[in-house]
Amino acid sequence: MQALESRVRRGPDFDRNAAAYAGLIDTLRQRHGHILGGGGEKLRLRHRDRGKIPVRERIDHLVDPLSPFLELSPLAAWELYVNEVPAAGIVTGIGVVAGLPCMVIANDATVKGGSFFAETVKKHLRAQEIAFENKLPCLYLVDCGGAFLPEQDRVFPDRDHFGGTFFQQCRMSGAGLPQISAVFGACTAGGAYIPALSDEVIMVRGTGRIHLGGPPIVKAAINEVVDGETLGGAEMHSQVSGVSDYLANSEIEALAKMRDIVAAINWPAPPPRAQRPIRPPLHDPAELGGIVGTDLKRPFDVHEVIARVVDGSEFQEFKPAYGAMLVCGFAWIHGEPVGILANNGVLFSEAAVKGAHFIELCDQRRTPLVFLQNITGFMVGTEAERGGIAKHSAKLVYAVSNTRVPRYTVIIGGSYGAGNYGMCGRGFQPRFLFSWPNARIATMSADVAATVVTDLRRASLTRGVANEAEIARVDQQTRTQFEEQSTPYYATARLWDDGIIEPGQTRDVLGLCLALASREAELPGYRPVYRM
Ligand code: COA
């Protein structure tokens, strides 16, 4: 396969872009650093004083030494609830335990007692969805006060609320995907149901508790006064009720037991790793910031991005001379085969049809798809409409929707309008979707939105219901709204993606995700475990 050449020349323009991009990465790292503090110094100390280990340290003890851990949506709930619910109070991610990739779902009890906000539920559900699709066992590190009561209407009653997480747990167990819980804190109501619905349960003596209703609920409901340990302590549940299968004397012992359980799962051995030797790109991924820059209006050649993501920078481009605004081609990432679709400008009919054809090729060859999104949309205007852009773009959307191969999306620039659909945006359920810190996502850009909205107002003006001052106000208001709502932080806070990643991390993150899918043909689909 031929290697892509780079035409990037370092100079003042490149340096300016690289410096601006470095600012974006600094901000991202600071924000990632901020959420590591959980519920703050005071609550972290209280947590430790109770002999409990902070959530990310628990995960460190659980996963294999020196193995990667892909944390998902670390900035969920960012700037929501006056930024007092870091990471939405829950850590989710894929880690390797006893040699097996597993989904880890772990409550942070320093954040409002590990209780569930709307974004916590969404993040928990999303982790389960990823586990289901990629056939991963789920390991729950439970320390959870159930629904955050002031938010109960956004957490409890609807389909994709708390009940949905339990439905998924039962369905995954039914599909042969082990569900294992370790209980570290006083788990109440919904928090109690996570272990109660697990295939195997470990409880920590002294701190772990499971009660469908905690002492205040019991008092309110049946006027019984009882302490938490008597009601739902680890000893009682391990020796009397049988809700717990293993009693651990410490958190470390519980985590070691969880590793032992995973080691005994009898999972089919993974196939030999990577289909090809893994080779770094010829061109340096650290240059991506300087290439892409921070100004979405400034075009860049997406070949330069591909050349810094794929093995050996090798790329077998499909139909390079046709529909060139959509670059399609075959490559390898960390030894796994991929078909890449990447934007190099607005999508015309030719590009849409070429993309649909390329997806069919990948489907026939069982080659996973990677979408690199930087798209203002499909072409508009009389010529485009007369050329059938609506039906040609629909062909791409159909191909994206119906292909049988795994799909992965990275938003490396703009993600606007129907371009988002044709390039496998969140609505099209790619297995994973990550954004770069320069990304923007909205129906349209702030400039276009302001023009549309003020034009509508101007039409009202001719009917005498608006004036120029009001139009100026609406223009400003629309710009502010679109600018604020299209940032990657606004998006990731609301779980519209699986996290913001640095451009230089893209090939490693995709490599991990692709490796999960490469094993799945071997994996089982058995029966649920009914707790007795
Ligand atoms: N809803 C609303 N707020 C909750 C909550 C819940 N389910 N669980 C905890 N919180 C809040 C507390 O009010 C407190 O808020 P503050 O810091 O603003 O004062 C904070 O989270 C920490 O709780 P705290 O009780 O100090 O922590 P803890 O570690 O000692 O105990 C729990 C944790 C979960 C055992 C305890 O908070 C509790 O019993 N919560 C209620 C559980 C419940 O009844 N859930 C039913 C949901 S349907």
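Predicted model: local features only at pLDDT ≥ 70, side-chain atom pairs only at ≥ 80, totals over all residues.
Biologist: Let's start with His-211: which element is its place in?
Modeller: His-211 has its place in strand β8, which covers residues 209-211. Residues are numbered from 1 along each chain as its sequence is written, and side-chain values use heavy atoms, with hydrogens and water left out.

Biologist: Is His-211 buried or exposed?
Modeller: His-211 counts as buried because its relative accessibility is 5%, where buried means under 20%, exposed over 50% and partly exposed in between (1.4 Å probe, protein chains only).

Biologist: What does His-211 touch?
Modeller: Leaving aside residues up to four places away in sequence, His-211 touches Ala-186, Cys-187, Thr-188 and Ala-189, together with Ala-192, Gly-228, Leu-231 and Gly-232; a contact here is heavy atoms within 4.5 Å.

Biologist: Switching to the rings, how many aromatic pairs does the structure hold?
Modeller: There are 11 aromatic pairs in the structure, counted for Phe, Tyr and Trp (its six-membered ring) when the centres lie within 6.5 Å, and called stacked under 30 degrees between planes, edge-to-face over 60 and tilted for the rest. Phe-116 and Phe-162 make one of the stacked pairs, with 4.4 Å from centre to centre and 20° between the planes.

Biologist: Why does the pair of Phe-116 and Phe-162 tie parts together?
Modeller: Phe-116 is in the loop between β3 (100-107) and α4 (118-134), while Phe-162 is in helix α5 (residues 162-174), so their pairing ties together parts that are 46 residues apart in sequence. Both of these residues, Phe-116 and Phe-162, are buried.

Biologist: And what kind of aromatic pair do Phe-117 and Phe-148 form?
Modeller: Phe-117 and Phe-148 form a stacked pair, at 4.1 Å centre to centre and with 15° between the planes. Distant parts of the chain are linked by it, since Phe-117 is in the loop between β3 and α4 and Phe-148 in the loop between β4 (138-142) and α5, 31 residues apart. Phe-117 and Phe-148 are both buried.

Biologist: Which residues do ring pairs link into a cluster?
Modeller: Phe-116, Phe-162, Phe-166 and Tyr-193 are linked into a cluster by ring pairs.

Biologist: Staying with Phe-162, what does it touch?
Modeller: Not counting residues up to four places away in sequence, Phe-162 touches Phe-116, Val-121, Gly-146, Ala-147, Val-155, Phe-156, Gly-190 and Gly-191. Its relative accessibility is 4%, which is why Phe-162 counts as buried. Phe-162 and Lys-122, although 40 residues apart in sequence, have C-alpha atoms 8.9 Å apart in space.

Biologist: Now the ligand: how many residues surround it, and which are the closest?
Modeller: The ligand is surrounded by 14 residues, of which the closest are Arg-50, Lys-112, Gly-145, Ala-147 and Leu-149; a residue qualifies if one of its heavy atoms lies within 4 Å.

Biologist: Which polar side-chain atom lies 2.6 Å from an oxygen atom of the ligand?
Modeller: That atom belongs to Lys-112. On the backbone side, a polar atom of Gly-145 is 2.9 Å from a nitrogen atom of the ligand, and a polar backbone atom of Leu-149 is likewise 2.9 Å from a nitrogen atom of the ligand. Such polar contacts are pairs of N or O atoms within 3.5 Å. The protein buries 60% of the 860 Å² that the ligand exposes when taken alone, by the Shrake-Rupley method with a 1.4 Å probe.

Biologist: Backbone next: what is phi of Val-82 near?
Modeller: Phi of Val-82 is near 45°, a positive value in a residue other than glycine. Most residues other than glycine have a negative phi. Val-82 lies in the loop between β1 (69-72) and β2 (90-97), and with a relative accessible area of 71% Val-82 is exposed.

Biologist: What about phi of Arg-366?
Modeller: Arg-366, again a residue other than glycine, has a positive phi near 55°. Arg-366 is found in the loop between α13 (349-365) and β13 (369-375), and it is exposed, with a relative accessible area of 68%.

Biologist: Last one, where is the place of Lys-395?
Modeller: Lys-395 has its place in helix α15 (residues 389-402), and is partly exposed at a relative accessible area of 38%. Not counting residues up to four places away in sequence, Lys-395 touches Val-353 and Ala-356. Its C-alpha atom is separated by 46 Å from that of Pro-150, which is 245 residues apart from Lys-395 along the chain.

Note on methods: Helix = DSSP H or I, 4+ residues; strand = E, 2+ residues; numbered from the N terminus. Polar contact = N/O pair within 3.5 Å; in protein donor to acceptor, adjacent residues only side chain to side chain.
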